[in-house]
Every structure is written in C-alpha cells, then in structure tokens.
Amino acid sequence: QFDSLVELSTVEESVMFSAMLRLEEKDEEVIKRSVHSAMKNVGIDHVKDQLIGNIETGGISPELRKKTAIAVELVMRPTILFLDEPTT
C-alpha cells in the first residue's frame, strides 16, 4: 500500500500543501491553525520538521506516514472519513 506523500517534504509541508490547494480559505493564519490542529489531532506535531523520506533513505516511521496521510485529509475538516485498516 502506498500513500501520495512527497518524500522530500517535511510532515508540516505535506499537510500545508494540501491545505493551501484544497481549502477555500485564503487567510494564511487560518490555514496554519487548521494545519497545526490536524497534526495535533493525529499526534504528529512533534515530528513536523522531519522529512517524510522513504524505505531506502530513511525518514519518519510507517506509522507516522499513515498519520500524516490522515492529517492531509483531516485538514479539509471532512464530515466523515473512511479509513481502511488505519492501525495495520
């Protein structure tokens, strides 16, 4: 199973990129608050400056990659979010 995270981006950059592309809000401070809230909700705010990386070069753990992918979606404040095996 693969995610769509950019390996050379940090955790925060990945969530921020999604927010800036997908949120209708254009106020940078509101976007930053949404990004930090999504990261805090999934427990990845402590690794916000670490590179996503990959298996060969290192980076964050597979668990943190999954949490980052979830934060990328949570930043949109969805009404409902379906997760397929989020703990495996």
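Guide: One term before we start: a polar contact is a pair of N or O atoms within 3.5 Å. Also, this is a predicted model.

Visitor: OK. At the start of helix 2, which residue's side-chain oxygen reaches a backbone nitrogen?
Guide: That is Asp-27. Its side-chain oxygen comes to within 3.2 Å of the backbone nitrogen of Glu-29.

Visitor: And what comes after helix 2?
Guide: Gly-43 follows helix 2. Its phi is positive, near 80 degrees.

Visitor: How far apart are the end C-alpha atoms of helix 2?
Guide: They are 22 Å apart. Helix 2 has 15 residues, 28-42, and at 1.5 Å a residue it should span 21 Å, so the two agree.

Visitor: Which residues of helix 2 are buried?
Guide: Ile-31, Ser-34, Val-35, Ala-38, Met-39 and Val-42. Seen down the axis, the buried residues fall within an arc of 125 degrees, so they line one face of helix 2.

Visitor: What do they pack against?
Guide: Helix 1 (11-22) and helix 3 (62-74).

Visitor: And the face turned away from the buried side?
Guide: That face of helix 2 carries exposed Arg-33, Lys-40 and Asn-41.

Visitor: New topic. Which residues touch the most other members of the largest nonpolar core?
Guide: Val-11, Val-15, Val-35 and Ile-44, out of 20 residues in that core. Helix 1, helix 2 and helix 3 each give two or more residues to this core. Helix 2 gives the most, with five.

Visitor: What does Val-15 touch?
Guide: Leaving out residues up to four places away in sequence, Val-15 touches Val-35, Met-39, Thr-68, Ala-71, Val-72 and Val-75.

Notes:
Residues are numbered from 1 along each chain as its sequence is written. This is a predicted model: local features need pLDDT of at least 70, side-chain atom pairs count only at pLDDT 80 or more; totals for chains, interfaces and linings use all residues. Side-chain values use heavy atoms; hydrogens and water are left out. Helices (H or I, at least four residues) and strands (E, at least two) are DSSP runs, numbered from the N terminus. The expected span of a helix is 1.5 Å times one less than its number of residues. Buried means under 20% relative accessible area, exposed over 50%, partly exposed in between (1.4 Å probe, protein chains only). The arc is that of the directions from the helix axis to the C-beta atoms. Contact means heavy atoms within 4.5 Å. A polar contact is a pair of N or O atoms within 3.5 Å; within protein, one must be able to donate a hydrogen and the other to accept it, and residues adjacent in sequence count only if both atoms are side-chain atoms. A nonpolar core is a set of buried Ala, Val, Leu, Ile, Met, Phe, Trp, Tyr and Cys residues joined through side-chain atoms within 4.5 Å.
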